[in-house]
Amino acid sequence: MNSIYHFWKHLVQNKDSFSRVSKLDQFNFDKAMLSCENRGIFPDLAIKLNKDRSRFTGGELIEVKDSKTYHVSSFNSTIPTGKKNMRKIIPSENSKTFVQMKSAGDDVFSLEEREVYYLVRGRKGKAQKICLVHGSFFETISAKELIRQSFKQVLDENLAGKEIPDEIRSQLEEVLSDQEDFSRVRNVDKASVKMRFRVMTEVKPEGNILNPNQYPEIKDNTLNLVVPFHSEDEKADVLQKFEFVVGEKAMKSIDTFSLKHPLNGWFVVFQINL
């Protein structure tokens, strides 16, 4: 059985390794739990799908973010989100990610919408903070809306004082709001180079879970699992699943509390000392 909870349990069991690896991708992740392991393309890691999905579906996607400061490193090419569709991140069945997942036994598209987590580490002197945090912590508005509003600012700046019908403006904003359109290589006649735009996103203070001023609850030298909930029933379900995986006895050594995101509601945090 596989899930993000099992993955976090593996991290806890090997937490001493965090002080020995200079880069997070050097960590000895449990390959038996993973369906793919990449460098430089999303996702860095993916948890295997479960055949029986009555309790846990498995299949979570994980991006590794390592920083030498208490600031989450920038997101290159892929805007952080809480879920991603497999058909959008796998361009073809010949792609490296698809081949790995298929070889691991996954029926890849049997679960198209996947939960996304980010394994974030920050360091300050000899101290470090590590968070396995759900992507919705960073996605307070949709990626499409983020791009649309960003390009709206560009249009407003460059078309100021010009009489452009609102309908035309709206159409331009809509056309410029799809990340996939920018990730494609553009081939222009008579040009000796091809063009590809890359989207880079950086966290603001509200999204920087490592920031001690914004989130003092995330203490130095701790390993944290951060999971969203939108109701007391959802919170109870998260707690039940977590205890099922780690065991009632282990729960006594884990600090469990609710964390309020100023822009995106509540998260359950499971915290253990490194």
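The following legends describe close-up views of a predicted model of a protein chain.

**Figure 1. Confidence along the predicted chain.** The average pLDDT of the protein chain is 89, and 91% of the residues score at least 70. Among the elements of the chain, strand 9 (residues 222-229) has the highest mean pLDDT, 98. The lowest mean value, 62, belongs to helix 6 (residues 179-183). Where pLDDT is low, the predicted coordinates should not be read in detail.

Figure 2. The buried residues of helix 1 are Ile4, Tyr5, His6, Phe7, Trp8, His10, Leu11 and Val12.

Figure 3. At least two lining residues are supplied by each of helix 1, strand 6 (113-124), strand 9 and helix 7 (232-246). By residue class, the lining divides into 9 charged, 8 polar and 8 nonpolar residues.

**Figure 4. Aromatic pairs at the loop between strand 7 and helix 4.** The whole structure contains 15 aromatic pairs. One of them is the edge-to-face pair of Tyr118 and Phe138, with 5.6 Å from centre to centre and 90° between the planes. Tyr118 lies in strand 6, whereas Phe138 lies in the loop between strand 7 (127-134) and helix 4 (143-158), so this pair ties together parts that are 20 residues apart in sequence. Tyr118 and Phe138 are both buried. Phe137 and Tyr215 form a tilted pair, with a centre-to-centre distance of 5.3 Å and an angle of 55° between the planes. This second pair links distant parts of the chain, 78 residues apart: Phe137 is in the loop between strand 7 and helix 4, and Tyr215 is in the loop between strand 8 (200-201) and strand 9. Phe137 and Tyr215 are likewise buried.

**Figure 5. The buried side chain of Arg121.** Arg121 is a residue of strand 6. With a relative accessible area of 1%, Arg121 is buried. The side chain of Arg121 makes a polar contact of 3.0 Å with the side chain of Asp66. The Arg121 side chain also reaches the backbone oxygen of Ser22, at 3.3 Å.

Figure 6. Most residues other than glycine have a negative phi, and most peptide bonds are trans. The peptide bond between Phe42 and Pro43 is cis, with omega about -5°. Pro43 is located in the loop between strand 1 (34-37) and strand 2 (45-47). Lys190 has a positive phi, near 70°, and is placed in the loop between helix 6 and strand 8. The relative accessibility of Lys190 is 90%; because the cut-off for an exposed residue is over 50%, Lys190 counts as exposed. Asn221 also has a positive phi, near 55°, and is found in the loop between strand 8 and strand 9. Its relative accessible area of 32% makes Asn221 partly exposed.

**Figure 7. His71 and Lys124.** His71 is situated in the loop between strand 3 (61-66) and strand 4 (75-76). At 35% relative accessibility, His71 counts as partly exposed. The C-alpha atoms of His71 and Lys124 are 9.9 Å apart in space, while the two residues are 53 residues apart in sequence.

Notes:
Residues are numbered from 1 along each chain as its sequence is written. This is a predicted model: local features need pLDDT of at least 70, side-chain atom pairs count only at pLDDT 80 or more; totals for chains, interfaces and linings use all residues. Side-chain values use heavy atoms; hydrogens and water are left out. pLDDT is the predictor's confidence in each residue, from 0 to 100. Helices (H or I, at least four residues) and strands (E, at least two) are DSSP runs, numbered from the N terminus. Buried means under 20% relative accessible area, exposed over 50%, partly exposed in between (1.4 Å probe, protein chains only). Ala, Val, Leu, Ile, Met, Phe, Trp, Tyr, Cys and Pro count as nonpolar, Asp, Glu, Lys and Arg as charged, and the others, Gly among them, as polar. Rings of Phe, Tyr and Trp (its six-membered ring) pair if their centres lie within 6.5 Å; planes under 30 degrees apart count as stacked, over 60 as edge-to-face and the rest as tilted. A polar contact is a pair of N or O atoms within 3.5 Å; within protein, one must be able to donate a hydrogen and the other to accept it, and residues adjacent in sequence count only if both atoms are side-chain atoms.
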